[in-house]
Amino acid sequence: MFSFQTNIYKKHTFVLLKFRHQMRNLLILLFLPLFFTNCDSTDTEVTSSNTIVGTWTLVKRTIDGSIDNLGECESVNTYTYNANGTFEETLYAAVVGSPCLSNPTVVNTGTWTKTFDGFFQFTNSNGDVFFRDITFNNFTEFYFEYCQSGTCDNQNPTIIRETYQLTGN
């Protein structure tokens, strides 16, 4: 009888060890893909909606929360930000008897960099540097705010918000 109990014990031990070995292999297979995923912060830059690359147009302006009607040509001005860090602003003016699109009056160029999430630095061809805290509503729209006087040092500064929409890539 003792021999019979020993055989049953060995058989159960073998089955338990085999089960543990199979479970360990299963857990390894389940968790192995986690070791091959990359959590690099640059991944979010590529898929994130906060990219300024593309061609944008001004679609709305508010001054201290009240809607300000855009000028005749403001909605056809284009702001193109390239992936290589350059930009071009094509601005149109109305000339009596001539549509806006036939006479671009100013083309500004320069460079841009994303300093950190939502903050951009722009340097125009004259060397003037300015910063914008840009908020992206989605992949196709962003806005930023600034003070009319250029600084917000006044006690009651006039706040202007401009909203842009993506028109092309």
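## Terms and model

A residue counts as buried when its relative accessible area is under 20%, as exposed when that area is over 50%, and as partly exposed in between, with a 1.4 Å probe and protein chains only. By this definition W56 is buried, with a relative accessible area of 0%.

The model is predicted: local features need pLDDT of at least 70, side-chain atom pairs count only at pLDDT 80 or more, and totals for chains, interfaces and linings use all residues. Residues are numbered from 1 along each chain as its sequence is written, and side-chain values use heavy atoms, with hydrogens and water left out.

## Overall build

The protein chain has two helices and ten strands. Helices (H or I, at least four residues) and strands (E, at least two) are DSSP runs, numbered from the N terminus. Read from the N terminus on, the order of elements is α-α-β-β-β-β-β-β-β-β-β-β.

The protein chain has 169 residues, of which 23% count as buried. Contact means heavy atoms within 4.5 Å. Of the contacts in the protein chain with a separation of 6 or more, 41% are between residues 24 or more positions apart.

## Strand β1 and its partners

Seven of the ten residues of β1 are buried, so this strand is largely enclosed by the rest of the structure. Two strands pair if DSSP finds at least two bridges between them. β1 is joined to β10 by eight bridges, and the two run antiparallel; T55 has G168 in β10 as its bridge partner. β1 also pairs with β3 in the antiparallel sense over three bridges, and with β2 in the antiparallel sense over three bridges.

W56 is placed in β1, and its bridge partner in β3 is Y79. The C-alpha atoms of W56 and T80 are separated by 6.2 Å, while the two residues are 24 apart along the chain. The side chain of W56 also reaches the backbone oxygen of I52 at 2.7 Å. This is a polar contact, meaning a pair of N or O atoms within 3.5 Å; within protein, one must be able to donate a hydrogen and the other to accept it, and residues adjacent in sequence count only if both atoms are side-chain atoms. T62, another residue that lies in β1, counts as buried at 10% relative accessibility. Leaving aside neighbours within four places in sequence, T62 is in contact with I67, D68, I159, I160 and R161.

## The β1–β2 hairpin

The hairpin of β1 and β2 has two residues between the strands, and I63 stands opposite S66 in β2. D64 is found in the loop between β1 (54–63) and β2 (66–68). Although D64 is not a glycine, its phi is positive, at about 50°. D64 is partly exposed, with a relative accessible area of 47%.

Strand β4 (residues 86–92) is joined to strand β5 (residues 104–116) by seven bridges, and the two run antiparallel. In this pairing F87 stands opposite G110 in β5. A93, in the loop between β4 and β5, is partly exposed at 29% relative accessibility.

Six bridges join β5 to strand β6 (residues 119–124), again antiparallel. The bridge partner of F116 in β6 is F119. The hairpin of β5 and β6 has two residues between the strands, and G118 takes a positive phi near 90° there. N124 is placed in β6, and a polar atom of its side chain lies 3.0 Å from the backbone nitrogen of N126. N124 touches F87, T109 and G110, not counting residues up to four places away in sequence.

## Core and pocket

A nonpolar core is a set of buried Ala, Val, Leu, Ile, Met, Phe, Trp, Tyr and Cys residues joined through side-chain atoms within 4.5 Å. The largest one has 15 residues, and those with the most contacts inside it are I52, Y81, F122, I134 and F142. β1, β3 (78–81), β4, β6 and β9 (141–147) are the elements that give two or more residues to this core. Among the residues that F122 touches, not counting those up to four places away in sequence, are I52, Y81, F87 and I134.

The largest pocket holds about 380 Å³ of space. Its lining has 25 residues, and the closest to the pocket centre are Y79, Y81, E89, F130 and R132. On a 1 Å grid over the protein atoms alone, a pocket is an open set of points where a 1.4 Å probe fits, with protein on both sides within 12 Å along at least five of seven lines; lining residues have an atom within 4 Å of a point. Grid points are joined across faces, edges and corners, and a volume is the space filled by probe spheres set on the points.
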